[in-house]
Structures are given as structure tokens and as C-alpha cells.
Amino acid sequence: MLFIGIMSGTSTDGVDAALCRIHASDQLEVVHHYSEPFDAALRAEILQLNQSGVDELHRAALVSNQLADYYAHCTQQLLLHAQVPSSAITAIGVHGQTVRHAPHLGYTIQLNAPARLAELTKIHVVADFRSKDIAAGGQGAPLVPVFHQAVFSAPTPRVILNLGGIANISILRPQHAPTGFDTGPANALMDAWIQKHQACRFDQNGAWAAQGTPDPTLLQTLLAEPWLALPPPKSTGRDLFNLGWLESHLQGTALAPVDVQATLACFTATTVAQAIHQHAADATEIILCGGGAYNTHLRQQLVTQIKKPIRLSDELGIGAQCVEAAAFAWLAYAYWQDIPAGQPSITGANHPSILGAWHKA
């Protein structure tokens, strides 16, 4: 069966689409991958919608339609490059763009227009993957550990570390249900800071951070964030870790912007390492995925702090940049096959759940 997964994550940099051939729940092949960045105006509007603003319901509806148009375009390009007809696709799994995540209040919001996407592509669409788990008392996140277990399990304990806007880990142990949770920010703060001071979308290879010196006082201030001390299950997003949060911790300091960037890279590595040491000390290796996996400076920070073998998911057959898109192809497959991808061991929900809602073409 052929499924397409579409992901636009917390980094808000663009869309990843993966065409996947799924033979069984644990046999997935990425046939083709396509990425396209958001244009500057759409990205800016999405980031603004992460905060309350004027006429935001109207603006959110317009952005949802724009996203569906982006997703449809990426689907068409993906099929064109793979030379596969749309009629061969069972369904598209699409996550949408998260702008609010408040499971403690019983809701999460992903901007999306799945009916529009189904109409534009003439392909069935599965969307709204988080709501059922939250309705069952869970965090609605992370969604990927069950997928990671299906495709990345090993004879020894292993951690899958996704470095998107937010960092999350999946802890895979043989003969055990997977667990996982968000550990804190990955790219979100570093991207926001370099955009403000260098007019760049992201820190290519961590080159700017590598020029600075982490500030121990600022690092300890950031690490004092109460959310970091919460036990799993837990999840977070730009609702907490945003530029305003960072700037509130910079008041009264006179650090050079490059040293703040260096501290943010160290902050990400430290929070990830602390989570792994506390909850997955038995892991024999760390598998990296997500856009941050290609940040060589951050990877070196992780090697130094985690002190375990680290390698890219590319070595296991799925490129780091397209793992999350492939995950949503698999989640659409799981919906189709009645596989409960929502698991209490991960999200804290009251019971397992079939995740997603189907929009017929």
C-alpha cells in the first residue's frame, strides 16, 4: 500500500512530504521525499498566529487554506518526481501546523484544511491525529514513538531523538511498549534568535553558535524553567518556548548575541542529555532525526554531553529530514488498519486510541 505523509513542524520552515510503501506495520520504504520552504509572508503569519492577535480566527482560516494549497502542491510534485499516479495512493496523512498546544486545558490546535486537500488532490486524507488522545486524557504528543518502534526497534535499548522546533525522544526497549516525551526546545529558540540578529532563518551547521561562548549564568537560568522538571508524560511547544520567554531571561544581561546563540545550543544539548540520562540510561545508542540532526555544532554538543554513540537515521534507511513525514504516512496507515497509535505509555491517556479522522476524496 502507498501512503503519503505530510509534515510542517514547529520549526515553521516549510513542508516535508514522503511517499511511502508500507508492506506491514513494521515494513516501510520511503519511495520519494519532497521538501518546499514556506514563503516569508506565510511563515511570518504562522508565527504571529502562535500568539493571540487581531481577527485571528479569520486569519487562521485563511492560513489553513494556504497550507492545504501548499500540501497539495507538494503532493503533486512528489508524485510527479516519483512517477506514481494519484490513483495508486491509499491516503495522505497530514499533521497540519500547530499554533496552540494546551493538553492541560484539553485542546490542541493544528491549522489545516484536510477537506480542501482531499478536493485538490482527489486522494483520501487522514488528519486531526492529536484530538482523540487528548480527549482520552493524554498529551496528544509525541505521536511518533509507536512509529519509531515499528521501523527502528533493535535487539538492545535505543533512543530516537527528533530535533525539530522542539526536541522529543522515543525510548525503545525490546519486549516493552515504547515511551517518549518532549525534552524542551531544539531549533525553535535558536532559529528565532538568529532571525532577529542575523536575518537568517536558521543557523546553518550551527556555525554562528560555534563562534560564541556559552554563558554559564544564562544557561542555569534557562535550565531553571519549571516545565523541564516535570515528569513524563509531557509535551510543549512555542506556547512556552518562544522569543518572549528567552528575552524575559535576558533582562539585565549584556551578553553578545553570538554568545546567547552558543548558550541556546548548549541549552538544547543539556536538556536532551538530562532527559536521556534520567529516563534512558540503558540505551546503547542514539538515532538522530529532524532538521536539527544536520546541525554539526549541536551534534558535537550532544556527543559531548550524552556520551553514547550517536548516528543519523539515514544509516537505518530513512533520511533524517523526512522521518516525521514518513511517520504521518505510517499514522495514516495505522488509522486505515485500526492500529491504536495513541498509547498510554507515551501520552498518559486513559486507554489506547485509533488516531485520525478520514476525509474522503
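Strands β8 and β11 run parallel and are joined by five bridges. Helices and strands here are DSSP runs numbered from the N terminus, a helix (H or I) having at least four residues and a strand (E) at least two. Within this pairing, Val159 stands opposite Ile286 in β11. The model is a predicted one, in which local features need pLDDT of at least 70 and side-chain atom pairs count only at pLDDT 80 or more, whereas totals for chains, interfaces and linings use all residues. Residues are numbered from 1 along each chain as its sequence is written, and side-chain values use heavy atoms, with hydrogens and water left out.

**The sheet and its helix**

Both strands belong to an open sheet of five strands, ordered β10-β9-β8-β11-β12, with mixed pairing. Two strands count as paired if DSSP finds at least two bridges between them. Because β10 (179-185) and β12 (310-312) each have a single partner strand, they stand at the edges, and one side of each is left without a neighbour in the sheet. On average, neighbouring strands of this sheet are turned by 25 degrees against each other, direction ignored. Helix α10 (residues 257-279) packs on the sheet and touches β8, β9 (166-172), β10 and β11; contact here means heavy atoms within 4.5 Å. The direction of α10 makes about 155 degrees with that of β10. For such angles, axes are lines fitted to C-alpha atoms, for helices over the stretch in contact, and the values run from 0 to 180 degrees between N-to-C directions.

**Salt bridges**

The structure holds ten salt bridges, each defined as a side-chain nitrogen of Lys or Arg within 4 Å of a carboxyl oxygen of Asp or Glu. The table includes three of them.

| Pair | Closest N and O atoms |
|---|---|
| Arg158 and Glu285 | 2.6 Å |
| Asp69 and Arg116 | 2.9 Å |
| Glu119 and Lys122 | 3.0 Å |

Arg158 forms its salt bridge with Glu285. This pair links distant parts of the chain, with Arg158 in strand β8 (residues 158-163) and Glu285 in strand β11 (residues 285-289), 127 residues apart. Arg158 is buried at 8% relative accessibility, and Glu285 is buried with a relative accessible area of 13%. Buried means under 20% relative accessible area, exposed over 50%, and partly exposed in between (1.4 Å probe, protein chains only). Arg158 and Glu285 also take part in a network of salt bridges with Arg311 and Glu315.

Asp69 forms a salt bridge with Arg116. That pair likewise links distant parts of the chain, since Asp69 lies in helix α2 and Arg116 in helix α3 (residues 114-121), 47 residues apart. Asp69 is partly exposed at 33%, and Arg116 is partly exposed at 35%. In the pair of Glu119 and Lys122, both residues are exposed.

**Backbone exceptions**

Most residues other than glycine have a negative phi, and most peptide bonds are trans. A cis peptide bond joins Ala141 and Pro142, with omega about -10 degrees; Pro142 lies in the loop between α4 (131-135) and α5 (145-152). Another cis bond joins Pro232 and Pro233, with omega about 5 degrees, and Pro233 is in the loop between α8 (216-223) and α9 (243-250).

Gln83, which is not a glycine, has a positive phi of about 55 degrees. Gln83 sits in the loop between α2 (56-82) and β4 (89-94) and is exposed at 73% relative accessibility. Asp128 has a positive phi near 55 degrees; this residue is found in the loop between β7 (125-127) and α4 and is partly exposed at 40%.
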